[in-house]
Amino acid sequence: MIEKIVHYLNLDSDVEEYDRIHETITKDVIFKGTNLWILVFAIIVASVGLNMNSTAVIIGAMLISPLMGPINGMGYSIATYNFPLFRIAVKNFSFAVGASLIASTAYFAISPVSSAQSELLARTSPTIYDVLIALFGGLAGIVAISSRNKGNVIPGVAIATALMPPLCTAGYGLATGKFDFFFGAIYLFTINTVFIALSSVVVSQLLKFPIRTISDEKHRKRVNHWITAVIIITVTPSIYFGYLLVQEERFSERAAAFIDRVSLFEGNYLLRSEVRPRRGELTLIYGGNSFDSTHARTIRRRAADFGLADATIDIRQGFSFATSPTRLNERDKLKGEINRLTAMLQEKERERDSLATRASMGGKLLAEIRPLESRIITCAFSETELHMPEVEPRRASVVVFGVRRALPARDRNRITAWLASRIEADTLVTVFDVLPR
C-alpha cells in the first residue's frame, strides 16, 4: 500500500531533462526586448484594473506578466550554487521591479481617479496567509517547469501568487504620497518573491538538479545561513499581521451579533452602524424616542456579554420623534418612520399574546396546583391596579383559590410562596375563598 502511494507521489518519472530545465529557467531570467515590453504592458493593465477596481482586468495582467522568470532563476541558482546565474537573476529582477514601479507610479500620477478601491486596499496588509499562498503557488510553478507535462499550471500560479498587483499598489502609494500603502505593498511583494524563490530552492534540491559551478562546503553553509535569515526576517512580521487579522475577524463577528441584538432598544431604532475592527471601535446611530446617558450605559453593559467589554462604543441619536429630524436625509427619515411603525406593531402583538396568555393563566395554575393541594377546587387569575392611601397605584396580580374548607395558615403560606415563584409578580395578592357546600 505504501509503495503504491510513493509511486503515485514520485516526480522522477515526469521530470524534464536537466539541460532543458536549465535552458528554460536561464532564458526566462533575461529581461530585455520582448519580456521587458510585456512587463510594462502588464503593469499598465494591472494598474488600470486596480484603479477601476476590476478583478477580471487584474487577473489578465497577472497572466501576461513575465515576473516569475527571474524569481525562479534566483531560487534555482541558489539550489545549484550557480552564483553567476544568481547575480544575473538579481540584476534582471531589480531592473524589472524598478521598471514596474516607474510605470505604475507614472500611471497613477496622471490618472484622474485617485481613490483607493478594495482591490488596492487588499494589497496593503499582508499576513501569514500570503506566505502560504506564495509558498505553495511557487511549489506548483517550479514543479510545472520541471515537468514534461506543464499544462496550465504556470498561468494559475501567476494568478495565485499575484506578483503584479502589489507592485502597482506600491506605485499608487508613491504617486499619491500614501507611504503606508507603499510599504505594505512592497512587503507583500517581498513575501511573494522570497517564498516563490524558496519553493524553487526546495524542489530543485529534491529533484537533485546538478550543480554546475565549483563551490566549497564553507560557501554553501554561508548561503544556507543567509537563506534562513531572509526567511525569518520575512515571515516574522506576517505572523504578527496574521494574528491581528484573526483578532479583527473575531471582533467583526462579535460586533455583528451585538448590533443585531441592540438594533431595537427602548423605542429607539438603529439607523446606522459602523464597525472599525482594527481600532476596536463601534459607532451606533439611533432614531426614535429620546435617548439619554442611562440608555447608552445599558447598551455598553450589554456589549460585555458579546466579548466587547474593551471596545470603544460611540452611541449617538440621529433624531428623536419628539423633534424635527432636520439633520437627516429623506431616506433616513423614512427608514426611521418604518422602524417606528414596525415596533408599534410588534408591541401590539406582544400585548395581544400577553392577554391571551393571561386569560388562560387561571386554568394553568389550577392544573399545576391540584397535584400539590387537592383541596383547591377553582382558580381565578387577574391583573389590576392596587391603590393605597398616599402611595402611587401599582400593578398587582390577584389569584383567587376556591376551597371546600378553610386551609391552615401554614398551608396558605406554602401555596403563596409557590405562587410567588411561579408568577414572579411585583405585587401578588392571594385569596382563599371557601366555596359554599
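**The whole protein**

Begin with everything shown: the protein has 16 helices and 7 strands. Here helices (H or I, at least four residues) and strands (E, at least two) are DSSP runs, numbered from the N terminus. What you see is a predicted model, in which local features need pLDDT of at least 70 and side-chain atom pairs count only at pLDDT 80 or more, while totals for chains, interfaces and linings use all residues. Residues are numbered from 1 along each chain as its sequence is written, and side-chain values use heavy atoms, with hydrogens and water left out.

Of the 437 residues, 39% are buried, where buried means under 20% relative accessible area, exposed over 50%, and partly exposed in between (1.4 Å probe, protein chains only).

How far apart in sequence are the partners in contacts? Among contacts between residues at least 6 apart in sequence, 71% join residues at least 24 apart. Contact means heavy atoms within 4.5 Å.

**First stop: H2 and H5**

Select residues 18-29, which form helix H2, and residues 68-79, which form helix H5. Their axes come within 7 Å and cross at roughly 130 degrees. Axes are lines fitted to C-alpha atoms, for helices over the stretch in contact, and angles run from 0 to 180 degrees between N-to-C directions. That angle makes H2 oblique to H5: under 35 degrees counts as roughly parallel, over 145 as roughly antiparallel, 65 to 115 as roughly perpendicular and the rest as oblique. The crossing is left-handed, meaning that the near helix is turned anticlockwise from the far one by less than a right angle; clockwise would be right-handed.

Show the side chains next. His 22, Ile 25, Asp 28 and Val 29 of H2 meet Gly 69, Pro 70, Asn 72, Gly 73 and Tyr 76 of H5. These residues divide into 4 nonpolar, 4 polar and 1 charged. In this scheme Ala, Val, Leu, Ile, Met, Phe, Trp, Tyr, Cys and Pro count as nonpolar, Asp, Glu, Lys and Arg as charged, and the others, Gly among them, as polar.

Zoom in on Gly 73: is this residue buried or exposed? Gly 73 is buried, with a relative accessible area of 0%. Not counting residues up to four places away in sequence, Gly 73 touches Ile 25, Val 29 and Ala 89.

**Second stop: H11**

Select residues 179-206, helix H11, and find Ser 204 there. Ser 204 counts as buried at 1% relative accessibility. Beyond its neighbours within four places in sequence, Ser 204 contacts Tyr 76, Ala 79 and Phe 209.

Phe 195 also lies in H11 and is buried, with a relative accessible area of 4%.

**Last stop: H3 and H10**

Finally, select residues 34-51 (H3) and 164-176 (H10), whose axes come within 9 Å and cross at roughly 70 degrees. The two helices are therefore roughly perpendicular. By class, their contact has 9 nonpolar, 2 polar and no charged residues.
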